[in-house]
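Welcome! Let us take a walk through a protein chain together, beginning with the whole and ending with a few single residues.

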Amino acid sequence: MSSPQRLYVAFHYKTPIGYISDKDILKFINGDIDRIEFINELLRDDADERFFEMMMNYSEKCKKDSFDILISIYDCFLNSEKLKTSLESNYGFLSKDIYRQINWLTNKIISDYENKYSLIKKLIERENNAPFGGDVLYKVREQYNGEYHETKWLSEAELKEMEEIFQSVAIHALSTKKFINNHLESHIFFELKRSSKTKAAHYIIDTLNSYDGIIRVSEIIGNSGSDSTNGPYVKIEKDDFYDMINIEKLKEHAMNINLETQPIHIQAVIKSIIDGKKYYLRDGSLGEMW
């Protein structure tokens, strides 16, 4: 039994509900148990934090099953109420929550994997986990642009290939509204913008010019971040969009909307487009400018 386990048991005096052993984790990794069922059970038992802690310790064991392990985690958590609730909570955007723990584990598993190109490609081209695919690409890009001298996961040619794959996946995921219910559309869009400002701009302009386009654009760009005061908020700043869209034209479209007919979160986005101020998506209240 590992040291963290001994401490955990010692503090609880008996095996608690949701307790996960080393043996359980190894069975999960090796596929000796139904991975989806296992994750759903640990979600019911509120044992996800323990799960991620142990998976970080055992990530080297994933090896050839790394892709299957990751997509089982993505699929369960992206469809879970727990992830949705954590993204609605009063935390910094994608801060200490389930989403970030999944990102940490993804990066650790990729680091431990020998053929990084094949694993990264499979993760990025799979639309069902587009938000995490965008985060993987961000990490690879950071290895070239950041101050950290990490071993690069991909060559420059491979990175260019992944950018193009992700751009196509992201646009399709947004067009089909695949992630509209779990607050990750804005995340996908801003990752698309990092990958290609040109394609992101074309997508927004085409969307704006479609029927009820301003409402759809509001859904896509409407989550600017989250804070400890009142959770997710929108703040449409000209500087963030000057190289993508004519803000004045966006305002014209927004001013034609009857706010009373729209849900609170759309009202908040429309107001922010018009005046550039910060509004909370939860209740439409005006946020303080720090």
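What follows moves from the overall build to the core, then to a pair of helices and the residues beside them.

Please keep in mind that this is a predicted model. The protein chain has 16 helices and 3 strands. It counts 290 residues, and buried ones make up 51% of them. If you take the contacts between residues at least 6 apart in sequence, 66% of them join residues at least 24 apart.

Now look inside. In soluble globular proteins, nonpolar side chains tend to be buried together. Here the largest nonpolar core holds 83 residues, and the members that touch the most others are Phe 51, Ile 73 and Phe 189. Helix α5, residues 66-78, gives this core its largest share, with 9 residues. Which residues does Ile 73 meet once its neighbours within four places in sequence are left aside? Ile 73 is in contact with Phe 28, Ile 39, Phe 51, Phe 52, Ile 102 and Leu 105.

Let us turn to two helices that pack against one another. Two packed helices are described by the angle between their axes and the distance between the axes. For helix α10 (residues 156-175) and helix α11 (residues 185-195), the angle is about 145° and the axes lie 10 Å apart. The crossing of α10 past α11 is left-handed. On the α10 side, the contact is made by Glu 163, Phe 166, Gln 167, Ala 170, Ile 171 and Leu 174, while α11 brings Glu 185, Ile 188, Phe 189, Glu 191, Leu 192 and Ser 195. Sorted by kind, the residues of this contact are 7 nonpolar, 2 polar and 3 charged.

Our last stop is helix α9, residues 130-145, where you will find Arg 141. Is Arg 141 buried or exposed? Its relative accessible area is 11%, which is under 20%, so Arg 141 counts as buried. Beyond its neighbours within four places in sequence, Arg 141 is in contact with Leu 159, Glu 163, Glu 191, Arg 194 and Ser 195. Among these partners, Glu 163, Glu 191 and Ser 195 also take part in the contact of α10 with α11.

Glu 142 is found in helix α9 too. With a relative accessible area of 28%, Glu 142 is partly exposed. The C-alpha atoms of Glu 142 and Lys 152 are 9.4 Å apart, and the two residues are separated by 10 residues along the chain.

Note on methods. Residues numbered from 1 in each chain as written. Predicted model: local features only at pLDDT ≥ 70, side-chain atom pairs only at ≥ 80, totals over all residues. Heavy atoms only, no water. Axes fitted to C-alpha atoms, helices over the stretch in contact; angles between N-to-C directions. Helix = DSSP H or I, 4+ residues; strand = E, 2+ residues; numbered from the N terminus. Left-handed = near helix turned anticlockwise from the far one by under 90°. Contact = heavy atoms within 4.5 Å. Nonpolar A, V, L, I, M, F, W, Y, C, P; charged D, E, K, R; others polar. Core = buried A, V, L, I, M, F, W, Y, C linked by side-chain atoms within 4.5 Å. Buried < 20%, exposed > 50% of the residue type's maximum accessible area, 1.4 Å probe, protein only.
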